[in-house]
Amino acid sequence: FLLNKCQVNEKFNMTEDNHSLTTEFILIGFSNHPELRTILFLVFLIIYLITMVGNLGLVALIFIQRRLHTPMYIFLGNLALMDSCCSSAITPKLLQNFFSKDRIISLYECMAQFYFLCLAETADCFLLAAMAFDRYVAICNPLQYHTWMSNKLCLQMTTGAYIAGNMNPMIHTGFLFRLTFCKFNQINHFFCDVLPLFRLSCVDPYINQLMVFIFAGSVLIFTITIVVISYFFILFTIFTMKSNKSRGKALSTCASHFLSVSIFYGSLIFMYVQPNSGNEGDKDIPVAIFYTLVIPLLNPFIYSLRNKEVINVTKKF
């Protein structure tokens, strides 16, 4: 009996040593290129400052100017706010790690970083879909625009985007806590994303991968369907217009939104919904840079530079 008890205790201690839980991670990021540390720091700092000034400036402009209190600009202001949240969830830690010796991030900081990133990206999907529906009503049913796109509906659509934006990361973050990390604690990424965390898990992340595929796929399919249907009727209406001037004006109104939608959804699909997306290693870093840092930088300029009303209001302000 004593011999069996000693053997059990020995096996338990070995298991405990082999499966000691990791509570901190090391973000490798761009540490493989120390000679570019200063240059990369300045590049990402400039990107972050321009992103925050552009997006928060656009939010402030829409909030202050009453003439911009229309559904299209309300959606645009919330999109800019979420882009600021996306960039702020990642960039400060990224900048700190360029000159940090350990580059450590705790488990809870890691979960919080992923939560706010997922919140911003999910809300962006629904806000872009709402903007597509708004353009559909404005072009295809202009006489009924103020009836359809009432303040109540605008508020409901915006609130729905934020509710869905919070529900999606809550589900994924909850499932992340079922994983144990006991092998390596080095994340081959510049922020905490679910795909690198899956590679470090001692537990089979199949359920987590399935949840990501189901929920990310559902959000993308639902919102992309709204965008595609809206633009189908928009293009049909535009090409049936007799006036070239009206046709050009309608196309100009939709061009900036369509460009932003194409870039945003394309990068998300490539990142999360493609087959075997969890086994790409550091190959997903360029795509992650694009949809987390570059798109939030470009969005305020894509919408502002092609929008005469925003330009005029900015000049007057």
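A residue counts as buried when its relative accessible area is under 20%. In this predicted model, Phe 181 has 3% relative accessibility and therefore counts as buried. Phe 181 belongs to one of the 16 aromatic pairs in the structure.

**Aromatic pair Phe 25 and Phe 181**
- The two rings sit edge-to-face, 5.2 Å centre to centre, with 85° between the planes.
- Phe 25 is in strand β1 (residues 24-27) and Phe 181 is in the loop between α6 (151-176) and β3 (186-187), so the pair ties together parts 156 residues apart in sequence.
- Phe 25 is also buried, at 0% relative accessibility.

**Aromatic pair Phe 41 and Phe 99**
- The ring centres of Phe 41 and Phe 99 are 5.0 Å apart and the planes meet at 75°; edge-to-face requires over 60 degrees, so this pair is edge-to-face.
- Phe 41 lies in helix α2 (residues 37-64) and Phe 99 in the loop between α3 and β2 (104-106), which puts them 58 residues apart.
- Phe 41 is partly exposed at 21% relative accessibility, and Phe 99 is partly exposed at 45%.
- Both residues belong to one aromatic cluster, together with Phe 30, Phe 44, Phe 98, Phe 190 and Phe 191.

**The largest pocket**
- The largest pocket holds about 860 Å³ of space.
- Its lining has 27 residues, and Met 72, Tyr 73, Arg 135, Lys 249 and Thr 253 lie nearest the centre.
- Elements giving two or more residues to this lining include α3 (71-98), α4 (107-140) and α9 (244-273).
- Helix α9 gives the most, with eight residues.
- By class, the lining has 11 nonpolar, nine polar and seven charged residues.

Technical notes. Residues are numbered from 1 along each chain as its sequence is written. This is a predicted model: local features need pLDDT of at least 70, side-chain atom pairs count only at pLDDT 80 or more; totals for chains, interfaces and linings use all residues. Side-chain values use heavy atoms; hydrogens and water are left out. On a 1 Å grid over the protein atoms alone, a cavity is a set of points where a 1.4 Å probe fits but cannot get out, and a pocket is an open set with protein on both sides within 12 Å along at least five of seven lines; lining residues have an atom within 4 Å of a point. Grid points are joined across faces, edges and corners, and a volume is the space filled by probe spheres set on the points. Helices (H or I, at least four residues) and strands (E, at least two) are DSSP runs, numbered from the N terminus. Ala, Val, Leu, Ile, Met, Phe, Trp, Tyr, Cys and Pro count as nonpolar, Asp, Glu, Lys and Arg as charged, and the others, Gly among them, as polar. Rings of Phe, Tyr and Trp (its six-membered ring) pair if their centres lie within 6.5 Å; planes under 30 degrees apart count as stacked, over 60 as edge-to-face and the rest as tilted. Buried means under 20% relative accessible area, exposed over 50%, partly exposed in between (1.4 Å probe, protein chains only).
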